[in-house]
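Visitor: I would like to learn how to read helix packing and helix faces from a model. Please take me through a case.

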Amino acid sequence: MNVTIIGGGRVGLPAATGLAMLGHCVVCCECDTNRRNVAAMGRAPFVDKGLDDALAKTVKSGALRFCADVVAAVANADAVMVSVPVSDEDNGLEGLQAIVADVAAVAPPNCVLVIKSTVLPGTCTYLQSMFNIREGLI
């Protein structure tokens, strides 16, 4: 399965690495240049026991790749997991809306969208209606 993870932080990077270890082709889309470059060299930009070894293995095998362009990362995805930080001020909705809009505009038919960010109840229903996403895919 081709999987795109948007956000290479403490949730997204281990998820991307784990899915790559399971045999999926994973693209991790991270906007922070330093974080993306460090991870692309097979090192986690934070401490997470065992992650460096698994990350190095999946990067070396080509199962896990990194990019900064959401549109390019989503173009061939069977599933997209959005794992971005949210702020307490706006519950992350503004940033999440922008990402979901980009994904919805270019995602292939039947692509599964997973929101793995901490948001208020009802956020996914709101995003679903806002971007005309079929029920059951969020």
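**Reading helices in a predicted model**

Guide: This model is predicted. Helix H5 (residues 93-106) packs with helix H6 (residues 123-130) at an angle of about 40 degrees, and their axes lie 11 Å apart.

Visitor: How are H5 and H6 oriented to each other?

Guide: Angles under 35 degrees count as roughly parallel, and 65 to 115 as roughly perpendicular. H5 and H6 are therefore oblique to each other. The crossing of H5 past H6 is right-handed.

Visitor: Which residues make the contact?

Guide: From H5 come Leu 93, Leu 96, Gln 97 and Val 100; from H6 come Thr 123, Tyr 126, Leu 127 and Met 130. Of the residues in this contact of H5 with H6, six are nonpolar, two are polar and none is charged.

Visitor: How should I read the faces of a single helix?

Guide: An α-helix has 3.6 residues a turn, so residues three or four places apart point the same way. Now take helix H3 (residues 51-61), where Leu 51, Ala 54, Leu 55 and Thr 58 are the buried residues. Viewed down the H3 axis, these buried residues fall within an arc of 100 degrees, so they line one face of the helix.

Visitor: What do the buried residues of H3 pack against?

Guide: Their partners are helix H1 (12-21), helix H2 (33-40) and strand S3 (64-67).

Visitor: Which exposed residues does the face turned away from the buried side carry?

Guide: On H3, that face carries Asp 53, Lys 57 and Lys 60.

Visitor: What follows H3?

Guide: Gly 62 does, with a positive phi near 90 degrees.

Conventions: Residues are numbered from 1 along each chain as its sequence is written. This is a predicted model: local features need pLDDT of at least 70, side-chain atom pairs count only at pLDDT 80 or more; totals for chains, interfaces and linings use all residues. Side-chain values use heavy atoms; hydrogens and water are left out. Axes are lines fitted to C-alpha atoms, for helices over the stretch in contact, and angles run from 0 to 180 degrees between N-to-C directions. Helices (H or I, at least four residues) and strands (E, at least two) are DSSP runs, numbered from the N terminus. Angles under 35 degrees count as roughly parallel, over 145 as roughly antiparallel, 65 to 115 as roughly perpendicular and the rest as oblique. A crossing is left-handed if the near helix is turned anticlockwise from the far one by less than a right angle, and right-handed if clockwise. Contact means heavy atoms within 4.5 Å. Ala, Val, Leu, Ile, Met, Phe, Trp, Tyr, Cys and Pro count as nonpolar, Asp, Glu, Lys and Arg as charged, and the others, Gly among them, as polar. Buried means under 20% relative accessible area, exposed over 50%, partly exposed in between (1.4 Å probe, protein chains only). The arc is that of the directions from the helix axis to the C-beta atoms.
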